[in-house]
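Please look over the structure below.

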Amino acid sequence: MLGRTWAATILCHGAPQETRPEVMASKPKLYYFCGRGRMESIRWLLAAAGVEFEEEFLETREQYEKLQEDGRLLFGQVPLVEIDGMTLTQTRAILSYLAAKYNLYGKDLKERVRIDMYVDGTLDLMLTIALAAFSAPEDREKAQASIVQKAKTRYFPAFEKILKDHGEDYLIGNKFSWADIQLLEAILMVEELDAPVLSDFPLLKAFKTRISNIPTIKKFLQPGSPRKPPPDRHYVETVRRVLQF
Amino acid sequence: MAGKPVLHYFNLRARVESIRWLLAAAGVEFEEKFIETPEDFEKLRNDGLLMFQQVPMVEMDGMNLVQSRAILNYIATKYNLYGKDVKERLLIDMYTEGMADLYEMFIQLTVTPPDQIDAKIALIKDRTKNRYLPAFEKVLKSHGQDYLVGNKLSKADILLTELLYTVEEFDASLLASFPLLQALKTRISNLPNVKKFLQPGGQRKPPTTAKMMEEARKLVKP
């Protein structure tokens with residue numbers, strides 16, 4: 001635990017950055033707190049696609065107000081991603097754009113709707129985990145138990161069945177897609193709450209190993225990558241301070 | 001009959017009304033099978049038709065689609081209401097995600113405990129007037145066109161119109177300082193398919209009340 005927090009401190013402050021302006025300009029830039037929240041799925045997708053990106057971490061109210069005053073936050077909210085000359089907000093809009101851009105959105109409309117169904121489900125699950133961090137300490141354990149229960153009875157059985165029905169390596173169209181990335185992300189998050197959660201899901205276990213070994217993902221799962229640790233008290237305090245709630 | 005989409009949900013608006021609006025605006029006739037008893041819901045579940053054990057579910061083009069967003073995106077793409085390219089699609093998505101966030105606040109109001117309702121109402125009014133409506137008004141002002149994106153009707157215009165009706169039902173005065181939004185609402189309402197949807201006898205549902213949500217909850221075993 002301590003090691004992970006230490007790593008996070010290194011990640012959030014003074015991580016070495018490229019200084020050549022022309023290189024900086026071409027990389028996507030992410031604006032968010034130094035933690036998972038709603039940005040983590042975007043980090044996963046970019047990383048899985050092998051795309052290097054920069055991050056600016058929000059630590060003060062002033063930083064957030066400046067983004068608002070500069071008119072970069074369409075609805076006054078982060079995540080904010082600058083990419084391809086555009087200033088983007090709204091997590092799902094950004095994710096869909098990136099999935100299409102990096103060829104992770106299936107080959108046609110029918111595959112795309114299936115990806116949309118799957119990622120919507122996993123995103124819902126991951127958001128409940130992100131929100132649980134903000135519940136009162138006395139409620140948190142109950143909230144997390146409920147999440148694990150939902151994962152085991154609603155989400156994981158659905159994906160286990162999909163893998164069983166087609167017997168393929170990836171969720172859709174026998175090809176790596178956004179849906180696979182997000183399912184892995186969700187599995188790892190739930191395992192942090194309950195390590196043996198996959199014990200009744202052998203195909204998901206194999207899926208987890210397989211997807212984790214994809215080179216770009218393997219790299220993302222190593223220490224020192226942009227992957228962020230689970231929310232801790234410092235993270236919750238920072239978010240509350242910056243957003244004032 | 002076989003070709004029409006079939007919408008499985010409760011007989012209320014909640015998270016499905018947007019789907020009704022979009023299908024109607026696209027001129028797509030659809031059927032509805034309302035969940036009225038616990039057995040109705042159990043049957044859908046036991047038949048394996050609900051991927052995540054939840055409704056809404058739309059039977060369409062040989063698939064059993066779940067997850068409102070996935071359904072809306074599919075309909076929008078199929079009926080050419082999603083812009084002409086990736087960048088227009090992105091803008092449409094950004095706008096509709098913001099709309100969904102505000103819309104969700106209205107839905108949450110119907111399940112808010114009585115002692116928290118006043119605070120919730122105040123927050124909704126603030127967000128509507130100071131965050132969301134100004135953003136959309138600004139978009140329309142910036143290009144002066146009739147539609148939000150690409151000078152063409154899209155999912156964004158239809159869902160915004162739905163949202164504006166919801167805001168109006170909640171507190172009509174909130175729309176007062178947004179002339180371009182009011183004009184869009186009128187314009188979209190006058191499209192023949194939308195006009196038909198809004199008329200008595202159309203498939204539009206009445207406003208959702210707390211009682212309706214409570215009744216629906218009873219039909220669904222957790």
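Which residue forms a salt bridge with Arg92(A)? In this predicted model, the partner is Glu97(B), and the closest N and O atoms of the pair are 3.8 Å apart. The count between chain A and chain B is 1 salt bridge. Polar contacts across the interface of these chains, with both residues at pLDDT 80 or more, come to 5 residue pairs.

On the side of chain A that touches chain B, at least two residues each come from β4 (86-89), α5 (91-101), α6 (109-132) and α7 (137-166) of chain A. The most is given by α6(A), with 10 residues. Sorted by class, this side of chain A has 16 nonpolar, 7 polar and 8 charged residues.

The contact as a whole takes 31 residues from chain A and 30 residues from chain B. About 2,800 Å² is buried between chain A and chain B, and carbon and sulfur atoms give 66% of that area. Of the area that chain A buries against chain B, 23% is supplied by Phe75(A), Met117(A) and Arg154(A), more than any other three residues.

Within chain B, helix α1 (residues 17-25) packs with helix α3 (residues 68-78) at an angle of about 5 degrees, and their axes are 10 Å apart. Angles under 35 degrees count as roughly parallel, and α1(B) and α3(B) are therefore roughly parallel to each other. From α1(B), the contact is made by Ser18(B), Ile19(B), Leu22(B) and Leu23(B); from α3(B), by Ser68(B), Ile71(B), Leu72(B), Ile75(B) and Ala76(B). This contact of α1(B) with α3(B) has 7 nonpolar, 2 polar and no charged residues.

Technical notes
Residues are numbered from 1 along each chain as its sequence is written. Chains are lettered from A and ligands numbered from 1 in the order in which they are written. This is a predicted model: local features need pLDDT of at least 70, side-chain atom pairs count only at pLDDT 80 or more; totals for chains, interfaces and linings use all residues. Side-chain values use heavy atoms; hydrogens and water are left out. Axes are lines fitted to C-alpha atoms, for helices over the stretch in contact, and angles run from 0 to 180 degrees between N-to-C directions. Helices (H or I, at least four residues) and strands (E, at least two) are DSSP runs, numbered from the N terminus. Angles under 35 degrees count as roughly parallel, over 145 as roughly antiparallel, 65 to 115 as roughly perpendicular and the rest as oblique. Contact means heavy atoms within 4.5 Å. Ala, Val, Leu, Ile, Met, Phe, Trp, Tyr, Cys and Pro count as nonpolar, Asp, Glu, Lys and Arg as charged, and the others, Gly among them, as polar. Buried area is the accessible area (1.4 Å probe) that two parts lose on being put together, summed over both. A salt bridge is a side-chain nitrogen of Lys or Arg within 4 Å of a carboxyl oxygen of Asp or Glu. A polar contact is a pair of N or O atoms within 3.5 Å; within protein, one must be able to donate a hydrogen and the other to accept it, and residues adjacent in sequence count only if both atoms are side-chain atoms.
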